[in-house]
Amino acid sequence: MVKMKLCKRAAAFAAAAALGFGLFSDSFTQPVIVTEAESESFDITSYAERLKEISEEQERLDSEIEAAEDDIKKETEKQKAILKKIESVNEKIEVLNSYMTQLEIEISANKRLIADKKQEIDKGIEDFKKRLRAMYLAGDESYTSVILNSSDFYDILMRMELVKRVADHDNKMIDDLIAAKEEYEAAQEKLEEQQAEYDKQYEELNNQKKELDELYDSSKEAKKQLQAQKKKLEEQNQAYLEERQQFEADLSGILKSSYGDSSDEIMREAAELSANSALESLHEYYENLIEEGEELSEEECQYNFAWPVPGHYYVSSGVGERWGSYHTGMDITGAKGTEIRASESGTVIRVNTSCEHDYGKEESCGCGGGYGNYIIIDHGNEFITLYGHLTSVDVEAGDTVKKGDLIGRMGSTGFSTGDHLHFEIRYQGYYLNPAAYVSIG
Ligand SMILES: [Zn+2]
Ligand SMILES: [Zn+2]
C-alpha cells in the first residue's frame, strides 16, 4: 500500500502535538467494536487519491463557473447601461418629434398667410387695373398702357415704380402688401432653417440609436455564449459530483466494514476526506437556511465544533501512533475540576461514572475501557464526540445538550498519568484528528 502524504490539517496538527508532547500519557483498549478489516479487495489509497483529484477538479470548475458568472453579471450590467442610453435617446427623439410636428404646423400656417397676402396683392392689382381701365376709358392713355402691357406680376411690381409718381394712393397699398408678404417669407425662411436643423438632429439621434442597438445585440450575443460556457462547466461539475458521490458511497462502505481499525493512518485520512465532504454539505445546508432567514435554535447542531476546554489550550498529545499503539484523540491538560463543555449541540448517548481511581497511574485500572469516566455525545449525521478521564459527569444518557453546555469536569480516571481531557471526534465511528475540526473561541 502506498503511503499517503500527510494532509494539511494533519501537518498542522502534528506541529500542535509536537508543541506539548510527552507531558502526560494515556493509552487504553478501545471501547468500540473491532471487526476484521476487508483489506484484500480494495486499495484505500487510490480511492482517497481519486477523491482528492475530484475535489481539486471540482474546486477548479467552481472557480471557473464563478468567473463565468462574474462575466455574465458584467454583461448584464453593460446591457442595462446600454438600454438606459437607448431610453434617453428615445426620449430625445420623442421631444424632437413633437417640436418637428409643431414646426410643421407653423410652416403650413405661414404658407397660408403668404398665399393670402399674394391673393390680396393680386386683388389690389386687379382693382388697380380696373381703375386704370376706367382712366383709360376717360382718355388718359399714356399712363394706363404702361400697366396694361405688363407681362406678369413681378413686371407689374417693377412698373409700379413708374406709376408711383402718378398713383401714390394705390402704390401705398401695394407697398404695404409687399412688405407684409416679404415679412412672411422671411419668417418662412427661418422656419425652414429650423426645420433643417431639426432634421439634422433627428438623423444624429437615429444614428446614435442604431449604434446602441448594435452594441446591445453584441452584448446579448456575448452573454449567450457565456451562459453556454457556464452550462458546459456545470455539466462537467455534475459529472464529477456523481463520480465523487459514488466514491464516497464506496468509501463509506469500506470504512464501515473495517470499523475500529484505528491503527491505519491512511484510513483516518480517508475518513477525514469523507467527513470533510459531509461537513461541506452540512455547512452549505445551514448557510442556506440562515440565508433564507430561518432562525436556528441553539439545540441545532451546525457542525462547527468548539474547543471543549475554554481557556486551556495546551495539547500534550495528539492523534497518531504512540508507543506501539494508536492514540485516538487529543489530550488537553488542565487542573482537576476544570470545566468541560459540549463541543457542539447533540444528544448524550453514553456515559460512564463507575471509575473511582481519579489519580495519575502507570497502569490502567480498566474502568470505562481505559477512558475512565467518560461522555459520548451524538451530533447526528454520524458525528460523535467523546470526553474521557473525567472526575465528574454532569449529564446522563438521553440528555440533550447545547454547544458550550457544562457537561463534566477534568480529572485523571481510567488509564491516565495526570489530569487532562481526552477528546475525540469520530465520523462513522472512525477517529478524526480533532485539532483539524475544532475552532478556538
Ligand atoms: Zn478506574
Ligand atoms: Zn488521550
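Two strands pair if DSSP finds at least two bridges between them. Strands (E, at least two residues) and helices (H or I, at least four) are DSSP runs, numbered from the N terminus. This is a predicted model, where local features need pLDDT of at least 70 and side-chain atom pairs count only at pLDDT 80 or more. Residues are numbered from 1 along each chain as its sequence is written.

**Exercise 1. Find which strands pair with S13, and in which sense.**

Step 1. Take S5 (residues 330-333). It pairs with S13 in the antiparallel sense, over 4 bridges. Here Thr-333 stands opposite His-420.

Step 2. Take S9 (residues 383-388). It runs antiparallel to S13, joined by 6 bridges. Tyr-387 has Phe-423 as its bridge partner.

Step 3. Take S14 (residues 430-432). It is antiparallel to S13, with 3 bridges. Arg-426 is bridged to Tyr-431. The two strands form a hairpin with 2 residues between them, and Gln-428 in the turn has a positive phi of about 50 degrees.

**Exercise 2. Decide whether S13 is enclosed or open.**

Step 1. Apply the cut-offs: buried is under 20% relative accessible area, exposed over 50%, partly exposed in between (1.4 Å probe, protein chains only).

Step 2. Count. In S13 (residues 420-427), 8 of the 8 residues are buried, so the strand is largely enclosed by the rest of the structure.

Step 3. Check both sides. His-420, His-422, Glu-424 and Arg-426 point one way; Leu-421, Phe-423, Ile-425 and Tyr-427 point the other.

**Exercise 3. Locate the charge over Tyr-359.**

Step 1. Use the rule: NZ of Lys or CZ of Arg within 6 Å of the ring centre and within 35 degrees of the ring normal.

Step 2. Lys-361 lies over the face of Tyr-359, 5.0 Å from the ring centre.

Note on methods: Chains are lettered from A and ligands numbered from 1 in the order in which they are written. Side-chain values use heavy atoms; hydrogens and water are left out.
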